[in-house]
Amino acid sequence: MYKFFFIFILFTCFFSTYSQRYNIQFYNTDNGLPQNSIKDIIKDRYGFIWLTTENGIVRYDGLHFLVYKSFPLSSQRFTFFYGNPEKDSIFTVADHGKTVLIERKVPKVFGNVKRTSTVIVKDNVNYYLYSSNYSYSPSPGVFFFMDFKKGKYFMTENSFTYEDRCSKVIKNLKLKPFLKYNPSVFAINELLFYIDYESKKVKKIEEGEITGIYNLPLLTDSKSKIFWSRTNGQVFILNNNIIYTCSYSKVQLNTAKLVETDSILENNLNSIYYDENYKKLYLGSSTDGLKVLSLSDFVSSKRKSLPSSSIFYSVRPYNDSCVITPNGEIFNRNGFVESKNFKKASSYFLDFDKYGNIVTRKEDTLLIYKKNAGYQDFFRVFEKKNILTDFFFDGNKYYMLFVRQKRGEGFSGMVAVYENWSIKSLKKKYLFANEPTKFKVTDEGDILVGTIKGLYKISSRQHKIYHFAAKSELSIRDIVRSKDGKFWITTSGKGFYLLENNKLLKMPNDIDNNTSSAHTLLEDQNGFFWISTNNGLYKIRESELLRYRNNTNVRINYYRFAKDAGFNTNEFNGGGNINGNRLKNGEFVLPTLDGLVFFDPGKVKSYYPEHLYVERALVDGREILFKNNLNLKRESKRLDIFIDVPYYGNPDNITIEAKLDNESDGKWEVIGSDRKFSISNPGYGKYSLVVRMLTSDKGKFIYKNINIIIPPYYYQTIWFKTSVFLFLLFLLYLSVKWRISFLQKRNSELEKIIHQRTKSLSSTVENLEVTKLKLHKEIEQQKKLIGTITHDITTPLKFIALTSKEVLKRNELDVRHAEKVLNSIYKSSNQLYNFTLTLKEYADIYSHYRSDDIVLYSLYKVVEEKKILFDEIARNNNTIITNNVSKEILTEVSKNILAAIIHNLLDNAVKYTENGSIDISCIMSVDSTSLIISDTGLGMDIEKIEYYTKLQRNIDNEKLLLQKYGMGLHLILQLLQMIEGKIIIEKNSPKGTLFRLVLKNKNND
């Protein structure tokens, strides 16, 4: 008896009364399941949870249900799982003895029935595999076997035997294996446990022998229902809506309370699986689908009887595990403890003074509850029209933050320093135009003050107020000092900031911008900040934020806790003087709209996914499986690549990104909750899809690379393009060759034309240059000639003027003197006439020379015309003019100029020849034509011949002696220059003068 009492005490000591709060989720045909009857639940080695139903097998990854119900079977009804998940071999039984193997994350019908047989025929009796609490509709004549490494157990209605695998020795156990046609056994690994309901004992059986007896009333209670799975290695006990775990460790069989549920119907519960890592309990029902209970490390505490009192703002630690509210209510993680029955006060203010008294506020009156009276007695302190919003004490000084109503709308504020609680010994005050919200003292004694318009600093030395500039107006919620002395500023709608070196640096918001309205932050022992917001609680390492401070390109990843973590609401509260608390037992307490959230930050686990699988794709509506290479048909129009991640935490904390490496921008694309990467109308080629997933709070990612290969059409292949390119290149070659030949031919023709035109142009340019020189010379000669003529004309004119003046002075003139005067006037006038006439003739010749057309004419005819003109005059002088020029001689020399030259020469010859002859002849050569005019007259003296010869050689520079030698030959020399001719003057033999005109012949090109 004492022995059994000792055993009872020994084993009941392992029973744990601790259970966790939970959040529950329901899944059925309305949100993912193919059918509402869940037969069995198991987790594979890859992290996926599998369910069997009466309409297929379901794979669950924490967010989506992937249903397999198109097996080549007559029915899609499945029952229990068996096999070894660690060896990636999970089997399930279908109707009519068919087996499905789940391997490498995919189920398929398995053909090796002997290896996976769930039925053994022995002594003409069918024995069915018994590996979980699943029952084959308990009825008489249904027997079971259990397979272990060293042998098998066979159970019938009247026998319980063990057969050794090696020796085949059979041992009979004197136990009744059935209770109401259900086996009274369960297994944990290689151990078999028998529940003896008669003796109220649990017996451990090894290799057919009873090796231990345990007194566990919970297991032997007839009200208890056992749920077990040898494949999962888990045993659960359901008793009075409480689920317990049963485990074997160190030769002891232990039970522990896991969770107390509000209501679980035992009759329709088929299976239970507990994911210890994620603290999630999966309950499979025969009619209600799947229930997932998330066991929480967070506890929301409130008074259930008073819903209106579940809204909290400022609370303060009351002892190591409790907090107190401004109304005097005390709470711990298990709920309401007691109430001190404080006077009704503002929910936004509560604190302790330096004596441990509790300070609350009602409008402009402070209610101070005495610690030494157990907070049952209080006294009032009045501050007229000033509302206290925050305070702290330092030595003998009290720093107080007041708000005062303005005359119009809004509030102003004041920071006041007092020497005691009387609020009468004011030492210093600082006024603010806007409503202050929070303040904090620095190590230097300065005061940081937050208002609804920005952050300020009061300098204790200079007694001045400085404003911290920001990009926009900030409404300050809280000022928090971390353990390393840094100040963190939370705002309303503008995020939170780091104040360092008198500068505000804005921290990045979470992906949903919930941290833009952060209420406060609490720092735990591991360097994490816990940030309460209007939509969830966020966790981030301070070191990550400081890393962002050093490099703003660093990505910040927040971890989010929401209602599924154990809150009653996602909306936390702020705006009080205290927005979060640390208890001495290590717990944090945060106020919300529905309760106070208690949690131990050191025990709250952050869940990050560990495995990333990219092995499924939907191509034009058809699902295909692949490994690292995804080969598609060239006709593919739509591609959806699924990213499978077994993760059972808050899906907000999954960060998955993907990109195609061969895209030009190369930007990471965030994968949404559908967890797929889509490509429309992919062209041919090889694409490299890179998928990455965040796996830790330190920013560590894992990567997966997938090659997407789409073959090209024949006209898109390299060889086709190369062939076309070479063909086009050949055509281009022929075209270029023909073009070059054509251009060469054309260039040759153009070169000839250009050569001719260039030659003509060169000739024209040369002629122009020559003409230019000639014109220049002519102009210079004309200037010289005109100047000389003008000078020579001046002399006779002056002489005539002087002579006329002398005649006018004399009253009387004798005949001789008058004859002399008139003779002088006549000679001067005649000389003047001759000069003028010569000048006129020269002008006429020059004018006609510029307008003459160059034509061939007969030199004989020109000479003959002049001969006829002077024949009568010559006959009067008894002189004969003879024209010996050949009628065949033609010339292009300007006809007018040549005629003028011949005219002058004949005029002079006729004038100075009497009783003689004048002969005109012509001699032709290749380059020139020589026209010879010779007379037998008086002849030109040698001096004159030398003058004209010298003048012709240097006509540009020699001085003209018109008065001495007349204008005739001077004019001839000018005219010869115009036609590029010259004159040779010689003495004629025996007497007279010979003029030889040398005219240049023009070359006909």
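These are my notebook entries on what I looked up in this predicted model.

**Ground rules**

I number residues from 1 along each chain as its sequence is written, and I work with side-chain values that use heavy atoms, with hydrogens and water left out. Since the model is predicted, local features need pLDDT of at least 70 and side-chain atom pairs count only at pLDDT 80 or more, while totals for chains, interfaces and linings use all residues.

**Entry: salt bridges**

I looked up the salt bridges (a side-chain nitrogen of Lys or Arg within 4 Å of a carboxyl oxygen of Asp or Glu). The structure has 37 of them.

I started with Asp-275 and Lys-43, whose side chains pair at 2.7 Å, N to O. This pair ties together distant parts of the chain, 232 residues apart: Asp-275 sits in strand S26 (residues 269-275) and Lys-43 in strand S2 (residues 40-43). My helices (H or I, at least four residues) and strands (E, at least two) are DSSP runs, numbered from the N terminus. For burial I use relative accessible area: buried is under 20%, exposed is over 50%, and partly exposed is in between (1.4 Å probe, protein chains only). Asp-275 is buried at 3%, and Lys-43 also counts as buried, at 18%.

Next I took Lys-486 and Asp-484, which meet in a salt bridge at 3.9 Å, N to O. Lys-486 is buried at 18%, whereas Asp-484 is partly exposed at 37%.

Then I checked Glu-544 and Arg-547, with closest N and O atoms 2.9 Å apart. Both are in helix H3 (residues 542-550), and because they are three residues apart, about one helical turn separates them. The background I jotted down: an α-helix has 3.6 residues a turn, so residues three or four places apart point the same way. Glu-544 is buried at 8% relative accessibility, but Arg-547 is partly exposed at 36%.

I also noted a salt-bridge network that links Arg-59, Arg-616, Glu-623 and Asp-644.

**Entry: cysteines**

How many disulfides does the structure hold? I found zero, a disulfide being a pair of cysteine sulfur atoms within 2.5 Å.

**Entry: surface patches**

Patches here are made of residues with over 30% relative accessible area and no salt bridge; like charges are joined within 9 Å, and nonpolar side chains (Val, Leu, Ile, Met, Phe, Trp, Tyr) within 5 Å. Lys and Arg count as positive and Asp and Glu as negative, with His and the chain ends not counted. I place each charge at NZ of Lys, CZ of Arg, CG of Asp or CD of Glu. Areas come from the Shrake-Rupley method with a 1.4 Å probe, and for residues only the protein chains shown count as cover.

The positive patch gathers Lys-384, Lys-385, Arg-404, Arg-407 and Lys-429. I zoomed in on Arg-407, in the loop between strand S39 (397-405) and strand S40 (411-418). Arg-407 is exposed at 90%.

The nonpolar patch is made of Val-724, Phe-727, Leu-728, Phe-730, Leu-731, Tyr-733 and Leu-734, with about 660 Å² of accessible area together. Leu-731 belongs to helix H4 (residues 718-809) and is partly exposed at 38%.

**Entry: helix H10**

Is helix H10 enclosed or open to the outside? Nine of the eleven residues of H10 (residues 968-978) are buried, so the rest of the structure largely encloses this helix. Among the buried ones I listed Leu-969, His-970, Leu-971 and Met-978. After H10 comes Glu-980, with a positive phi near 55 degrees.

Most residues other than glycine have a negative phi, and most peptide bonds are trans. I therefore kept a list of exceptions to that rule.

- Ser-989 and Pro-990 are joined by a cis peptide bond, omega about 10 degrees; Pro-990 is in the loop between strand S71 (982-987) and strand S72 (993-1000).
- Lys-105 has a positive phi, near 70 degrees, in the loop between strand S8 (99-103) and strand S9 (106-110); Lys-105 is buried at 4%.
- Asp-620 has a positive phi, near 50 degrees, and is partly exposed at 43%.
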